[in-house]
Amino acid sequence: MTARVLAEGLAFPECPRVVDGEVWFVDTPHVKVLGRDGKVREHATLPARLVLGLAVLPDGAVLANDVLGRRVFRVDAAGREECRIDLSGHFDHPINEVVAAEDGSLYVGSMGFDMLAHAAPRPSRLARIAPDGTVTATGPDVSFPNGMLVEADTLYVAESTAHRITALQLGPDGVIGSRIAVDLNGRADDHPDGIARDADGTFWYADPLHGHVAGVTGGGEQVAVLEVGLPHPTACAAAGDRLYVTATAALANAELVFSGAGVLVELTR
């Protein structure tokens with residue numbers, strides 16, 4: 001395994017996504033892109049104090065969240081941003097990830113508690129935004145839904161404080177069932193954050209509390225533990241034999257003052 005820093009001096013990088021050979025990610029308050037030329041460009045700046053979540057849409061637009069304002073923004077291919085939906089009437093606590101399903105539905109997770117104020121974790125439910133804009137609570141209670149990804153008709157959710165990755169079956173009216181895809185209870189202090197899945201079916205998750213990225217099978221067997229050089233990896237994306245990992249020297253604090261020591265790292269297996 002080799003590691004290469006692709007970008008440094010970032011504020012709070014999160015949610016890398018590989019799109020046509022480029023790596024898109026959020027870095028509060030920006031949506032940024034690592035281009036094929038190896039240079040980072042700012043694609044958009046959102047009116048938000050903390051930006052998390054990144055979903056790439058078929059038309060080239062992306063979605064990202066104003067975490068504290070509980071709003072989902074759409075940014076078009078030219079970098080123009082608009083509020084796609086305001087979820088402040090549906091969630092009482094900060095939101096986190098956003099993903100898009102094949103039918104055009106969006107799924108947004110709420111932390112369920114005020115993490116920045118060090119409140120005790122509480123369960124929450126996901127919000128489904130239907131293609132017509134209707135918002136409903138969906139699925140079972142989840143414990144700090146953090147990273148999410150969609151594959152066909154399955155939504156995978158990293159439940160950070162439950163130490164597991166849960167698979168939610170997506171039906172025409174939202175979630176119709178659930179099962180535990182990966183149970184990490186054998187490592188009950190693991191804290192899965194941003195997740196990815198490679199072509200071999202291995203799940204990868206960034207663990208910001210333990211300073212590594214771990215790879216696990218669907219049965220929960222750990223196949224790799226990778227160090228990235230900073231204490232708080234936040235999320236990862238898989239592309240071929242490579243993992244793209246965002247990491248930072250310090251986690252988000254209540255004042256939302258960032259150290260500027262964040263990085264985007266490429267790990268080649």
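First, the ground rules. This is a predicted model, where local features need pLDDT of at least 70, side-chain atom pairs count only at pLDDT 80 or more, and totals for chains, interfaces and linings use all residues. Residues are numbered from 1 along each chain as its sequence is written, and side-chain values use heavy atoms, with hydrogens and water left out.

Now the count. A salt bridge here is a side-chain nitrogen of Lys or Arg within 4 Å of a carboxyl oxygen of Asp or Glu. The model has 13 salt bridges by that rule.

Take Asp-66 and Arg-71. They form one, with the closest N and O atoms 2.9 Å apart. Asp-66 is buried, at 5% relative accessibility. Arg-71 is partly exposed, at 23%. Those words have cut-offs: buried is under 20% relative accessible area, exposed is over 50%, and partly exposed is in between (1.4 Å probe, protein chains only).

Next, Glu-159 and Arg-164. Their side chains meet in a salt bridge, 2.9 Å from N to O. Glu-159 is buried, at 2%. Arg-164 is partly exposed, at 27%.

Then Asp-103 and Arg-128. This salt bridge spans 3.6 Å, N to O. Asp-103 sits in the loop between strand 10 (95-100) and strand 11 (106-110), and Arg-128 in strand 12 (residues 123-129), so the pair ties together parts 25 residues apart in sequence. Strands are DSSP runs (E, at least two residues), numbered from the N terminus. Here Asp-103 is partly exposed, at 41%. Arg-128 is buried, at 9%.

Last, a network. Salt bridges link Arg-4, Asp-241, Arg-242 and Glu-266.

Note on methods. Helix = DSSP H or I, 4+ residues; strand = E, 2+ residues; numbered from the N terminus.
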